Amino acid sequence: MSTVAVLRLPLSVDLGGFVKLLQRMQVPHHVSEEAGEQVLWVPESISEDVHVLYQRFPAGDPDQQLDIPEQAPAVRPGFVQQLRHSPVTALVLLASLIVGAVTLLGENLQAVGWLTFLPFRVMGEYIQFTPFAQMLAEGQWWRLVTPMLIHFGILHLAMNGMWYWELGRRIEVRQGSINLLGLTLLFSLVSNYAQYAYGGPGLFGGLSGVLYGLLGHCWIFQLLSPNPAYRLPPWGAGDDADMAGAVPVGAGLDDRLRRNRQRRPRGRAGHRLPHRLAGRPLQPPQSVYLIRKSSCPLLLK
């Protein structure tokens, strides 16, 4: 739903009364300040009606002369109805559940390897990661976003699923399924690559990178265009910091999973590989990554 500027008035004009009238009539709107003017924005479909209303009641309706019928209290839709209105949200959560079942929540490394950011294979006590450039050259583009579907525990999946349901359906109902899908893929790509660029090869997964992006999107959108759809529940502002800090770090992970990564190319027994492997010099990030399983970073997002 596109919005248009229906009024542009000097800052000296008091719009407070008219804004209260719009609130009584439950007309979607917001006021911004641009170039020394206050601008009233409303949906394009009702812009003419709002303009006529302002001409008749520029100061609003302080004496409540207008007979505005009381709106019936909104009835919260049922769970099935919410699913129908939020197909992308439901699809992402369903995909996460299916991936969680197939991968046994991270225990089935063979299945996990289909969706990780970098392909890998287990070589005894080591995990060998395929270089990023080689992964792209082989056309495995889906790996840029699929780590968001991997979860490493029931609590990890439950917490991320709860927040994606809470944020995703709000955006989908307000801005449409295509926008939510685009935002989800964008935030997944950015957060996955940032994790790889900062931490190097490793096993990571989860929706937290997407959730931080969606939360910021809702917050900014609410600042620019206040809407009840983006008004988070009371626990959203305070508890999110605690929850967000707990989920990506992964409560209960062994300290060894948070040590410095052993990123030097090594042979199976821990000896350095020759400086050339298959005719190519071992120069990160093009080199083959061999990381000891016990030291491989496992990061919950």
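Trainee: How many bridges join β2 to strand β3?

Mentor: 5 bridges join β2 to β3 (residues 37-43), and the two run antiparallel. Strands here are DSSP runs of E, at least two residues, and helices are runs of H or I, at least four residues, numbered from the N terminus. Two strands pair if DSSP finds at least two bridges between them. A caution: this is a predicted model, where local features need pLDDT of at least 70 and side-chain atom pairs count only at pLDDT 80 or more, while totals for chains, interfaces and linings use all residues. Residues are numbered from 1 along each chain as its sequence is written, and side-chain values use heavy atoms, with hydrogens and water left out.

Trainee: Which residue is the bridge partner of glutamate 34 in β3?

Mentor: Glutamate 37. Glutamine 38 in β3 stands opposite glutamate 33.

Trainee: What do β2 and β3 form, and how many residues lie between them?

Mentor: A hairpin, with 2 residues between the strands. Alanine 35 sits in the turn and has a positive phi of about 50°.

Trainee: What is the strand order in the sheet?

Mentor: β1-β3-β2, an open sheet of 3 strands with antiparallel pairing. β1 (3-10) and β2 (30-34) are at the edges with a single partner strand each, so one side of each has no neighbour in the sheet. The twist averages 30° from one strand to the next.

Trainee: Which strands does α2 touch?

Mentor: α2 packs on the sheet and touches β1 and β3. Its direction makes about 25° with that of β1. Contact means heavy atoms within 4.5 Å. Axes are lines fitted to C-alpha atoms, for helices over the stretch in contact, and angles run from 0 to 180 degrees between N-to-C directions.

Trainee: Switching to the helices. At what angle do α1 and α2 pack?

Mentor: About 130°, with axes 11 Å apart, for α1 (residues 16-24) and α2 (residues 47-56). The two are therefore oblique to each other. Under 35 degrees counts as roughly parallel, over 145 as roughly antiparallel, 65 to 115 as roughly perpendicular, and the rest as oblique.

Trainee: Which residues make the contact?

Mentor: Phe18, Leu21 and Leu22 of α1, with Val50, Leu53 and Tyr54 of α2.

Trainee: How many aromatic pairs are there?

Mentor: The count is 8. Rings of Phe, Tyr and Trp (its six-membered ring) pair if their centres lie within 6.5 Å; planes under 30 degrees apart are stacked, over 60 edge-to-face, the rest tilted. For phenylalanine 18 and tyrosine 54, the centres are 5.1 Å apart and the planes at 85°, so that pair is edge-to-face. Phenylalanine 18 lies in α1 and tyrosine 54 in α2, so the pair ties together parts 36 residues apart in sequence.
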